[in-house]
Amino acid sequence: MDVSTMTIKEALEKMNSGDLTSEELVKSYLDRIEAGNEHVNAFVFVAEDVLEQAREIDKRRAVGEDVGVLGGIPIAVKDNMLVEGWGSASGSQILEGHKGAYNATVIDRLKNAGAILMGRANMDEFAMGSSTESSHFGATTNPWDKTKVPGGSSGGSAAAVAAGFVPVALGSDTGGSIRQPASLCGVVGLKPTYGRVSRYGLMAMASSLDQIGPITRSVEDAAIVLEVIEGKDPHDGTSVELSNTTVPALIDKDLTGMKLGLPKEYFVDGMDEGVKAAVMEAVEELKRAGAEIIDISLPHAQYALAAYYIIMPAEASSNLGRFDGLRYGYHSNGENLQESYARTRGEGFGPEVKRRIMLGSYTLSAGYYDAYYRKALKVRSLIKKDFDEALKEVDAIVTPTSPSVAWGIGEKFNDPLTMYLSDIYTISANLATIPALSVPCGFVKNLPVGLQFMGRPFDEYTLFKLGAAYQERTDWHTKTPS
Amino acid sequence: MSLSNEEIRHIAKLSRLHIDEEEIEDYREKLESILEYVEKLQELNTDDVPELQHAADVSNVFREDEVQGCDSAIRERIVDNFSNREGDLLKVQAVFPGITNGSGSAGENRTQ
């Protein structure tokens, strides 16, 4: 049985009709992980009890019990989400030996829905990176070409799905960390609207930007998983009660009358010609499916990256203050408490994390707060307003997800600014708090290209509709790396 | 945007990060290039623009201030994560050096 291309939907149908057990399914994935993970390094840990969990679901299903929406489906979890009793390190040395004391809300919800928690996916240290090279557990490689990066920071999650190790993985997205690796690995990635999914139990990077979302093979699968993890949680004050939920069965694939905006600011210099051609061909396909394409303008788009690189490090420098070497993880002893903090953090954090903490401390420090942080919050308002205005005129906005396909391992690692520029198309959705979906739309030199849809707040449904219609008309998402 | 090595040392201190002397130059160069890039925000006139304060359209989410119990297994796992402990207590170096409490050994304070 080839599980490498199987969707959640197909696996559930087979299990419900009795053609497949969860144990068989999980076993097939375990075989693939055993054969391939040493080259991809997508998983940093595989749970020992997965077959046991699967057998339990099979037993319950066999006697006609309700086993949940994801009953028997294996899922990978990014290493920054807490699972009771599992190691949890955010790809960092500073959390060496740390174990999750409780489950993140998304984990509880997945378990209640019958999902099998397969293991921890690799990531850039504290989700600070776009290539999954900065992990303490070593770099993850791109399943399409193992000399290339998988993107990041949820590179382990995206590579695990692309390599056929699991049908779904959770990622987290602060400036593109779900969508960009999904694009570079040829799979689907969704960053939900800010507030849609609880972050309780997710190690915070930038609290006003972070969201958890699914990485899958099909758009319909992403909708199935979102429905399980979304909704209000008393443990996350920013999470909201939803009036309109996403019912995957309701995905309507007729795009007649839909208006899609093409922002002129996104199709300028810096974009790979092959990527541009693939995206424009996808736009033609959406036209053939009935959508109307409208040229729009997002005048402040060029300031998004700069605003992001003030707001994100400022919030991160504060959030990462908790890593003091006392309550969890790595500890390095100094002469006194202050010195122990400095040593623990100096030795335990990698260079990019230290850079961002220092950048945040600087822009928040006395005399610089107004010029940097306050200014960036104002620019963030302008960026959000651009999207609010544009989305009055159109139902969704279409852009590339990433300006290039996957690049070589090591190529941008020592040049932070060049690395940051790879997130130029994804960052705005986080600043504007809107949902965004990346869908595979072609190849350049045998490496996947991603198409991004951005929509109105809490209107993931429109993105699913567009993505599902596109996937019905194309077969990019059915291709697998050899 | 230029930073002095002294400023880098100061920011590292604010951040509670030990940085080796030989690393300072590299941090200075990279932080400078990022600060130079974000400088482009100054092109925009934002005098009349409000700051985006709350990403979700909610603020001041309150709940009743009541003591909620902690599952004993969770409590145990939290305590197990401590890097240094005495029984169930987190053991740390003195927060105010020079002051010792009656029961602890010199230079060590206890907190829970």
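Let's start inside chain A: strand E2(A) points Pro74(A), Ala76(A) and Lys78(A) one way and Ile75(A) and Val77(A) the other, and all are buried. Here, buried means that 20 or more other C-beta atoms, placed from the backbone, lie within 10 Å of a residue's own; exposed means 12 or fewer, and partly exposed is in between. Keep in mind that this is a predicted model: local features need pLDDT of at least 70 and side-chain atom pairs count only at pLDDT 80 or more, while totals for chains, interfaces and linings use all residues. Residues are numbered from 1 along each chain as its sequence is written, and chains are lettered from A and ligands numbered from 1 in the order in which they are written.

**Chain A overall**
- Chain A has 15 helices and eleven strands; these are DSSP runs numbered from the N terminus, with helices being H or I of at least four residues and strands being E of at least two.
- Its radius of gyration, taken over C-alpha atoms, is 21 Å.
- Along the principal axes, the C-alpha atoms of chain A fill a box of roughly 65 × 55 × 45 Å.
- Buried residues make up 64% of the 482 residues in chain A.
- Take the contacts in chain A between residues at least 6 apart in sequence: 76% of them join residues at least 24 apart. A contact needs C-beta atoms, placed from the backbone, within 7 Å.

- E2(A) (residues 74–78) runs parallel to E4(A), with three bridges between them; strands count as paired if DSSP finds at least two bridges.
- Ala76(A) has Ala169(A) of E4(A) as its bridge partner.
- E2(A) also pairs in the parallel sense with E3(A) (residues 116–121), over five bridges, and Val77(A) stands opposite Arg120(A) there.
- To get from E2(A) to E3(A), the chain goes through helix H4(A) (residues 105–112) in a right-handed β-α-β crossover. Right-handed means that, with the strands pointing away from the viewer, the path from the first strand over the helix to the second runs clockwise.
- E4(A) (residues 168–173) has six of its six residues buried, so it is largely enclosed by the rest of the structure.
- Val168(A), Leu170(A) and Ser172(A) point one way from E4(A), and Ala169(A), Gly171(A) and Asp173(A) the other way.
- E4(A) pairs with E6(A) (residues 211–216) in the antiparallel sense over six bridges, with Val168(A) opposite Thr216(A).

**The nonpolar core**
- Ile75(A), Ala160(A), Val166(A), Ala169(A) and Ala307(A) touch the most other members of the largest nonpolar core, which has 171 residues. Such a core is a set of buried Ala, Val, Leu, Ile, Met, Phe, Trp, Tyr and Cys residues joined through C-beta atoms within 7 Å.
- Helix H9(A) (residues 304–319) gives this core its largest share, eleven residues.
- Leaving aside neighbours within four places in sequence, Ala160(A) is in contact with residues including Phe43(A), Ala76(A) and Ala169(A).

**Where chain B meets chain A**
- The contact takes 42 residues from chain B and 51 residues from chain A.
- On the side of chain B that touches chain A, H2(B) supplies the largest share, seven residues.

How values were computed
Two residues are in contact if their C-beta atoms, placed from the backbone, lie within 7 Å. The radius of gyration is taken over C-alpha atoms; the globule rule is 2.2 Å times the number of residues to the power 0.38.
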